[in-house]
Structure formats: structure tokens, C-alpha cells
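Hello,

I am passing on a structure for you to look through. My notes on what turned up follow below it.

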Amino acid sequence: QVIKCKAAVLWEANKPFSIEEVEVAPPREHEVRIKIMATGICRSDDHVITGALVMPFPIILGHEAAGVVESVGQGVTSIKPGDKVIPLFVPQCGECKTCLNTKGNLCSKTDLGTSAGLMPDGTTRFTCKGKAIHHFLGTSTFTEYTVVHESAVAKIDSAAPPEKVCLIGCGFSTGYGAAVQTAKVEPGSTCAVFGLGGVGLSVIMGCKVAGAARIIAVDINSDKFAKAKELGATDCINPKDFNKPIHEVLMEMTGQGVDYSFEVIGRTDTMTAALACCQCNYGVSVIVGVPPAAQKITFDPMLLFTGRSWRGSVFGGWKSKDAVPKLVADYMKKKFVLDPLITHTLPWTKINEGFDLLRTGK
């Protein structure tokens, strides 16, 4: 049965979302149709609007959500209607080279980097005004109903509050995992976190849980500092307060540079600054922010020759289907908090206002 429902459709770049009636086709073989209960707004969605992340239009964005399964297609055994779930923008097929390797998590079924905007079979489940609408990262959560592949959905505790645990679908897991999974921050270490949005704050939580002795938070918006300190930052610095490059400031503050640095913005200049501020021989710098399209980095290779490691982290390095239910269980056991990451709760028809709040750093 086709479902008619409301969705926020983005018809073209640099325009507001328009709330439209869309038709959502039933799930095909190995697919799941979900009623979305709550969705978060992430900077990566905004990157599509501005063109920094290239995707085809028209499109239904959104990739951080929680919902309830409405129906399942043929062959779906792991999930049934009524299950509470989180869609996964990094799927876990369990069969590709990365899924079979303990070290990786970026399943080859992901749409990240291919920007096809379609289901794995090359078609879409959304139509609006007679036009086919593209999917986003295999999830598309800015709609009342969405369809995802079975490999891109995790069943979670039925008692979990969707308006909180939706953050485990991207922001929280991405930041927290970058610290505990990708960097493997060690007790007593010193960390620097560039960018104090929801993901950056989650990195701070991860560094704290891992036992870091010093966590230096870096942002050009000093309004972010109080919350960073509340979540575990020991120092907060604003690059605008200094007349020298920020990596030099961090070198002076720490003597030899930090053990771990995290770039959680998605800018090439801060990526190189984060690399340069970590210890020259055993320092590890992790890129967490989505890099802008069509930009290249130029840096002195001596930075790497002396021994530093430069790493990337997608979805915090977690194998999504395995990790998401466990992270939700940890949240339910109060092993970490999510409330401080939620600044505003809006009815979803006010999605454009939500993006304005994101862009103004609020």
C-alpha cells in the first residue's frame, strides 16, 4: 500500500525546505518502511543545501532519527512491524570486505561518496507531484514515513525515548566513537577538540569517559564554552583571542602538543591546524567533520614524517547494526547523557527555523 504523508522536500540548492505531500511506496524485498517519530538536524544535511556535500535534487534529507516499523518487505527476518528502530546512514550488510574486517565500519552499501540518492536497487520510494524524489544516505528522515534497506536499520529497546535516542543515529555516536573507537583515547592523555557543536560536545564526552586528563575545547563562538565545560572540557579557547595561529597556541599550552586532536567542523584550514597541534611523533589527529567538496589540503609532509597519525572517522568507527542497540542500552543505563545536546525541540513543520538556529550557532 502506498502511504501519502508530509515530507520536507528540498527542490534545489540554497532554498528553504518545502513541506509537501509525498507518496511513499511499500518496501520491496529486504526493505523496511518506518514511521519517523523524531529526527535531529545535522550540519551534514546543511552541507547538501549549500553544495559542500554534492547530492542530486530534488531530495528528502535527514539521517538522524528514531521511529517505529510500519511494514516490512519480503525476506526481512530481523525486524517486524511495531519494532522501535534507528535508521543507519552507514549500513552493515555483514558481507562486504569492510563488514568482514574487524578494523572497519564503512560498509560498501553506503551511499556516502557515491551520492546516488537511490535505494540499493537503483530506484526511489518517494514521489511528489509526479516527480521522483531522491533519498539521502539511504535514510531520508525529514518525512513522516521513509523506506530503508534491512542492512540500514537497527532494532532498539522499545522503552527508549525517540526524541533523545535519535541522536545515536548520528551526532552522538559519531563524536563519542571518534574518541573511544577511532582514536582510542588513553587515560591521562591530553586532547584538543575543534568545533563545539553537538558532535564536538560528544567527542568531549568520549574523551572524558576514556580518562583524558586535559580536554581543550576550541571554537570561535565563546557562547559554546559553558556547555563544553559542563560535559568535561578543562580549557576553552577562542582562536579570535590570539594573534598567532591556533596550533601554536595549543603547542605552548601543552609543551609538546596534544596526544589526540579532533576536527569536528569540516574545514580544511582547521584540519591542518588540528594535525599541526598534536605531538610530532605519536600524536593522533582525527577528521570527524565532513570535508567540503572540491577543496584540497596543502600541508608540510614533515608533519607526518615525524610520526603523527592522521585518521578519518565515519559514524565514530562503530559497526552500526551491532553498536546502535548497545549504545541505546548504555543510554538507558545512564552511562552517558544526551539532554545537553538538545538545545531546541520544534514541531517538524518548523524545520526551516531549525536550520536557521543551526546556522546562527544556537
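Buried area here means the accessible area, taken with a 1.4 Å probe, that two parts lose on being put together, summed over both. By that count, domain 1 and domain 2 bury about 910 Å² between them, and carbon and sulfur atoms give 65% of this area. Please keep in mind that this is a predicted model.

Domains

The protein chain is split into two parts: domain 1 covers 3-171 + 317-360, and domain 2 covers 183-312. Their C-alpha centres are 28 Å apart. Eleven residues of domain 1 and 13 residues of domain 2 make up the contact. On the domain 1 side, the residues that lose the most area to domain 2 are Gly171, Pro340 and Leu341, which together account for 46% of what that side buries.

There is also a database annotation. In an unreviewed entry, UniProt lists residues 12-361 as "domain: Enoyl reductase (ER)".

A helix pair

Helix H1 (residues 43-50) meets helix H11 (residues 351-359): their axes come within 11 Å and cross at roughly 100 degrees. Angles of 65 to 115 degrees count as roughly perpendicular, so H1 is roughly perpendicular to H11. H1 contributes Arg43, Asp45, Asp46 and Ile49 to the contact, while H11 contributes Phe355, Leu358 and Arg359. Sorted by type, the residues of this contact are three nonpolar, four charged and no polar.

Backbone points

Two places in the backbone deserve a look. As background, most peptide bonds are trans, and most residues other than glycine have a negative phi.

Where is the cis peptide bond? It runs from Phe57 to Pro58, with omega near -10 degrees.

His30 sits in the loop between strand S2 (18-24) and strand S3 (31-39).

Regards

Key. Residues are numbered from 1 along each chain as its sequence is written. This is a predicted model: local features need pLDDT of at least 70, side-chain atom pairs count only at pLDDT 80 or more; totals for chains, interfaces and linings use all residues. Side-chain values use heavy atoms; hydrogens and water are left out. Axes are lines fitted to C-alpha atoms, for helices over the stretch in contact, and angles run from 0 to 180 degrees between N-to-C directions. Helices (H or I, at least four residues) and strands (E, at least two) are DSSP runs, numbered from the N terminus. Angles under 35 degrees count as roughly parallel, over 145 as roughly antiparallel, 65 to 115 as roughly perpendicular and the rest as oblique. Contact means heavy atoms within 4.5 Å. Ala, Val, Leu, Ile, Met, Phe, Trp, Tyr, Cys and Pro count as nonpolar, Asp, Glu, Lys and Arg as charged, and the others, Gly among them, as polar. UniProt positions are given in the numbering used here, feature names are shortened, and annotations may be inferred rather than shown by experiment. Domain bounds come from an automatic or database domain assignment.
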